[in-house]
Amino acid sequence: MSEVKVVCVTGGSGYIASWLIKFLLQSGYSVNATVRDPNDQEKTAHLLGLDGANERLHLFKADLMEEGSFDAAVHGCEGVFHTASPVFFSAIDPQTELIDPAVRGTLNVLKSCAKVHTIRRVILTSSFATVPYNGKPIPPDAVLDETWFPDPVACKEQKLWYQLGKTLAEQTAWKFAEDNRIDLVTVNPGIVLGPLLHSTCSHSVEILLNLINGAKEYPDAYYKSVDVRDVANAHIKAFENSSASGRYCLVERDSHFSEVLKIVHQHYPSWDLPQKCIPGMSFLVKYGVSKEKAKSLGIDFIPLDVSLKDTIESLKVIGFITI
């Protein structure tokens, strides 16, 4: 790039955000990354150690629940990548733990963006969870794409709190962007796996880790996965490609959990992996997901086989897998 472009990444210490920052720095961007505590070395050391971080990475303190908290971080930026949002699948108080931070946090970031005339596009890290849950049965031969939207009422009735939070956050984002003439694009990944840059195990990777670390059973469900490196790449391409618009579903493959374990066994035949299939994660049913729009961005998906092996080797290095 002839001149350094400044962008902001919210939730900078997260799984997807860490890879996004790494790729942005590699591409010559200057990055303002928001974290809850810039002085928390456990959360920031891996970011500060990235190539180019000394010169072009700046950490900002921000809180999703505090309006105006992101003003300083987005000031002077050309693009904003909003990745910050709670990611877990069970909660004691879903409204406080999941829904409010997702919805109000997204709104607070967009309110900060609306004040900055230099921002030409905002990329929202949404989720594939904002696609299928409309309360109607999905046939196994169906192929879902970006035109599918969930019903918040159905999510609430099924107590799919994470799905509800992400759905309401995306709906809020589209409404605010339209009202305030913000160029918004969303990236909607499935279950994200791939190597970790930090020492905290993400909830999506934890699903795999639990199957490896002594589980006796696996769920009768389908694993709609995508590599974290593809997700990070898609964010950047969605920002840089002037014709990018709307939503981008990112799912490399839809595999039954038995197929995932079979791939793991091929790489690690001595491991004692679960053999028994039991009911569980019944909301993860079989159907296809279109790759057409994602490939229009230039995404050439990393195969599940590679993603699984790279994830596991990463977990071994960090110490989450000791067998």
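The following questions and answers concern a predicted model.

User: What distance separates the end C-alpha atoms of helix α7?

Analyst: Helix α7 covers residues 161-179, which is 19 residues. At 1.5 Å a residue, the helix should therefore span 27 Å. The model agrees with this expectation, the end C-alpha atoms being apart by 27 Å.

User: Which elements cover the buried residues of α7?

Analyst: The buried residues of α7 include Y162, L164, A169, F176 and A177. Among them are also K166 and E170. The elements that cover these buried residues include α5 (94-114), β5 (121-125), α6 (152-157), β7 (184-189) and β11 (246-250).

User: How many disulfides does the structure hold?

Analyst: A disulfide requires cysteine sulfur atoms within 2.5 Å. By this rule the count is zero. For C113, the nearest cysteine sulfur is that of C8, 7.3 Å away, and for C155 the nearest is that of C249, at 15 Å. The number of disulfides is thus zero.

User: Is the ring pair of F81 and F239 stacked or edge-to-face?

Analyst: The ring centres of F81 and F239 are 5.6 Å apart. Their planes meet at 65 degrees, and planes over 60 degrees apart count as edge-to-face. The pair is therefore edge-to-face.

User: How many residues apart in sequence are the parts tied together by F81 and F239?

Analyst: F81 lies in strand β4 (residues 79-82), whereas F239 belongs to helix α9 (residues 228-240). F81 is buried at 0% relative accessibility, and F239 is buried at 1%. The parts that the pair ties together are apart in sequence by 158 residues.

User: Which residue has its charged end over the ring of F239?

Analyst: F239 forms one aromatic cluster with Y29 and F81. A charged end sits over the ring of F239, 4.2 Å from its centre. That charged end belongs to R120.

Definitions and conventions:
Residues numbered from 1 in each chain as written. Predicted model: local features only at pLDDT ≥ 70, side-chain atom pairs only at ≥ 80, totals over all residues. Heavy atoms only, no water. Helix = DSSP H or I, 4+ residues; strand = E, 2+ residues; numbered from the N terminus. Expected span 1.5 Å × (residues − 1). Buried < 20%, exposed > 50% of the residue type's maximum accessible area, 1.4 Å probe, protein only. Contact = heavy atoms within 4.5 Å. Phe/Tyr/Trp six-rings, centres within 6.5 Å; stacked < 30°, edge-to-face > 60°. Lys NZ or Arg CZ within 6 Å of the ring centre and 35° of its normal.
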